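Hi there,

Below it you'll find my notes on what turned up.

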Amino acid sequence: MKEKTLISVIMNVLNEEDSQLRKSIEGYLSQSGVDIQLIVSTIAEDPAQKIAEEYGLDMAIADRPGIYYQLNNATDKIKGEWFCYASANDFTLETKLHDELTKCLTDNKKICYSSFYTTDSNLNIIKENHFRFPYDYSSHLQSNYVYDLALIDVNLLKKYLPFKEEFGNYAYWDLWLRIFEGEGDVFTYNPKPAYLYRQQSSSRHIRKQKDSKMWNGDETQKTRMLASHGVYYQARLK
């Protein structure tokens with residue numbers, strides 16, 4: 001019998017609500033058609049360590065918080081052939097990784113991004129989100145429609161690590177742009193909704209709408225990130 005493909009998932013965790021975190025973990029552990037290595041990336045003394053031990057998960061303990069600091073700190077634990085990032089706030093549908101892997105293998109691509117559902121805090125569906133395909137670099141310079149939870153070939157990921165923390169919330173967007181600039185179009189798209197994106201009052205994009213300092217800081221990081229793409233970014237401005 002053919003062995004299932006091993007996919008490594010890094011889930012960043014920081015002060016998460018217990019039942020919500022368990023639901024997110026179980027969403028990945030119940031993935032069909034693939035084998036899963038789930039790595040919980042957190043900081044010392046976070047309660048998630050006990051939950052990760054309970055589920056028998058791998059852990060990476062960072063000495064300070066930070067989305068991309070925690071991600072970079074955990075990438076050396078990856079054992080799979082493919083990788084994706086996981087949010088501890090959201091819920092992944094059972095066939096997400098198998099569907100994305102199948103698209104990559106069928107289309108001979110290295111990265112697959114999917115449509116998804118936006119939900120309220122109780123995971124009641126609000127809307128279904130779809131994205132541009134075929135992939136277009138010029139459009140990608142204008143907005144990041146390749147979501148952070150996309151599946152990526154591990155060898156390709158490692159070639160372009162680490163995530164650039166100086167770009168803050170735009171570090172994943174920067175990674176995707178750098179990969180296109182170095183590799184060409186390695187992206188494919190899964191139109192089947194793959195996960196539930198939970199909107200809560202504590203969600204960063206909602207808090208940012210009410211905090212001008214946060215908004216302005218993000219815009220500065222975004223401008224700096226895009227400008228780092230040099231001739232590609234300049235060509236867009238013409």
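Let's begin with a helix. Helix α7 covers residues 171-183, which makes 13 residues, and it reaches 18 Å from its first C-alpha to its last, close to the 18 Å expected at 1.5 Å a residue. Its buried residues are A171, Y172, W173, D174, L175, W176, L177, R178 and I179. Just after α7 comes G184, with a positive phi of about 85°.

Please keep in mind that this is a predicted model. The average pLDDT of the chain is 90, and 88% of the residues score at least 70. Over residues 203-208, though, the pLDDT is below 50; in the model this stretch has 16 contacts beyond near neighbours in sequence.

Next, the sheet. Seven strands form an open sheet in the order β3-β2-β1-β4-β9-β6-β10, and the pairing is mixed. At the edges are β3 (58-62) and β10 (187-190), each of which pairs on one side only. From one strand to the next, the twist averages 20°.

Strands of a sheet pair through backbone hydrogen bonds, either parallel or antiparallel. Here, β1 (residues 6-12) and β4 (residues 82-87) run parallel and are joined by six bridges. To find a spot on this pair, look for V9, which stands opposite C84 in β4.

Two helices lie across strands of the sheet. Helix α1 (residues 18-29) lies across β1, β2 (35-43) and β4, and runs at about 170° to β1. Helix α4 (residues 96-107) lies across β1, β2, β4, β6 (111-114), β9 (151-153) and β10, running at about 135° to β10.

Happy exploring!

Conventions:
Residues numbered from 1 in each chain as written. Predicted model: local features only at pLDDT ≥ 70, side-chain atom pairs only at ≥ 80, totals over all residues. Heavy atoms only, no water. pLDDT = per-residue confidence, 0-100. Contact = heavy atoms within 4.5 Å. Helix = DSSP H or I, 4+ residues; strand = E, 2+ residues; numbered from the N terminus. Expected span 1.5 Å × (residues − 1). Buried < 20%, exposed > 50% of the residue type's maximum accessible area, 1.4 Å probe, protein only. Pairing = 2+ DSSP bridges. Axes fitted to C-alpha atoms, helices over the stretch in contact; angles between N-to-C directions.
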